[in-house]
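This briefing sets out the architecture, salt bridges, contacts and surface charge of the structure shown below. Please read it alongside the sequence and the coordinates.

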Amino acid sequence: MKKTHFLPGLVLIFVLTACAKDKAKSDVLVEANKVHLESVAILETVERELHAMSKRAETKQDSARLQKLDSLQDLMELWEEGMIEVPGFEHEHHHKKGEHHEHKPTPQMTDASMLEYQLNAKAAIEALQKDLKNI
């Protein structure tokens, strides 16, 4: 009787093992996701700083500073629109109350291309953060 369950059990183990290998993420994708999460954290910091600086500029009626901050806000929104999440990882960024955005399908790219994209995106949000500090 045990022999009749052996073959189906062996097939089940084979299928489960094969599926587990498909879900394994490469080290390059893991690194790309790490960079993506760092970028999202920087974005959240920039959003908070930008909001606080805008409030102060409004209070002081500093129109020149408000224009610069509005331009940075526009650039930040463009950056956010171009954000691509790393496939196979949980959705990690947060939405403000009432905010929503569209989750676009991830374009087909190699793991190395995804890492390069995430590194470039991080460099861009860091540049925006630097520009904000210089206002």
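Helices (H or I, at least four residues) and strands (E, at least two) are DSSP runs, numbered from the N terminus. This is a predicted model, in which local features need pLDDT of at least 70 and side-chain atom pairs count only at pLDDT 80 or more, while totals for chains, interfaces and linings use all residues. Residues are numbered from 1 along each chain as its sequence is written, and side-chain values use heavy atoms, with hydrogens and water left out.

**Overall architecture**

- The protein contains four helices and zero strands, and its pattern along the sequence reads α-α-α-α.
- Of its 135 residues, 24% count as buried; buried means under 20% relative accessible area, exposed over 50%, and partly exposed in between (1.4 Å probe, protein chains only).
- The accessible surface amounts to about 10000 Å², and carbon and sulfur atoms account for 58% of it. Accessible areas come from the Shrake-Rupley method with a 1.4 Å probe, and for residues only the protein chains shown count as cover.
- Among contacts between residues at least 6 apart in sequence, 75% join residues at least 24 apart; a contact means heavy atoms within 4.5 Å.

**Salt bridges**

- The structure holds two salt bridges, each defined as a side-chain nitrogen of Lys or Arg within 4 Å of a carboxyl oxygen of Asp or Glu.
- Because Glu38 and Lys34 are four residues apart in helix 2, about one helical turn separates them.
- Lys34 is partly exposed, at 45% relative accessibility, and Glu38 is also partly exposed, at 27%.
- A salt bridge also joins the side chains of Glu38 and Lys122, at 2.6 Å from N to O. Glu38 lies in helix 2 and Lys122 in helix 4 (residues 111–133), so this pair ties together parts that are 84 residues apart in sequence.
- Lys122 is buried, with a relative accessible area of 19%.

- Ile42 belongs to helix 2 and is buried, with a relative accessible area of 14%.
- Leaving aside residues up to four places away in sequence, Ile42 touches Lys122, Ile125, Glu126 and Gln129.
- Ile42 and Ile125 are 83 residues apart in sequence, and their C-alpha atoms are 7.0 Å apart in space.
- Gln129 is located in helix 4 and counts as buried, at 16% relative accessibility.
- With residues up to four places away in sequence again not counted, Gln129 touches Ile42, Thr45 and Val46.

**Charged surface patches**

- Patches are made of residues with over 30% relative accessible area and no salt bridge; like charges are joined within 9 Å, and nonpolar side chains (Val, Leu, Ile, Met, Phe, Trp, Tyr) within 5 Å.
- Lys and Arg count as positive and Asp and Glu as negative, whereas His and the chain ends are not counted. The place of a charge is taken as NZ of Lys, CZ of Arg, CG of Asp or CD of Glu.
- A patch of negative charge on the surface gathers Glu58, Asp70, Asp74, Glu77 and Glu81. Helix 3 (residues 63–81) supplies the largest share of this negative patch, with four residues.
- Glu77 is found in helix 3 and is partly exposed, with a relative accessible area of 38%.
- A positive surface patch consists of Arg56, Lys60, Arg65 and Lys68.
- Arg56 is placed in helix 2 (residues 27–59) and counts as partly exposed, at 48% relative accessibility.

**Backbone feature in a loop**

- Most residues other than glycine have a negative phi. Gln61 is not a glycine, yet it has a positive phi of about 55°.
- Gln61 is situated in the loop between helix 2 and helix 3, and it counts as exposed, at 69% relative accessibility.
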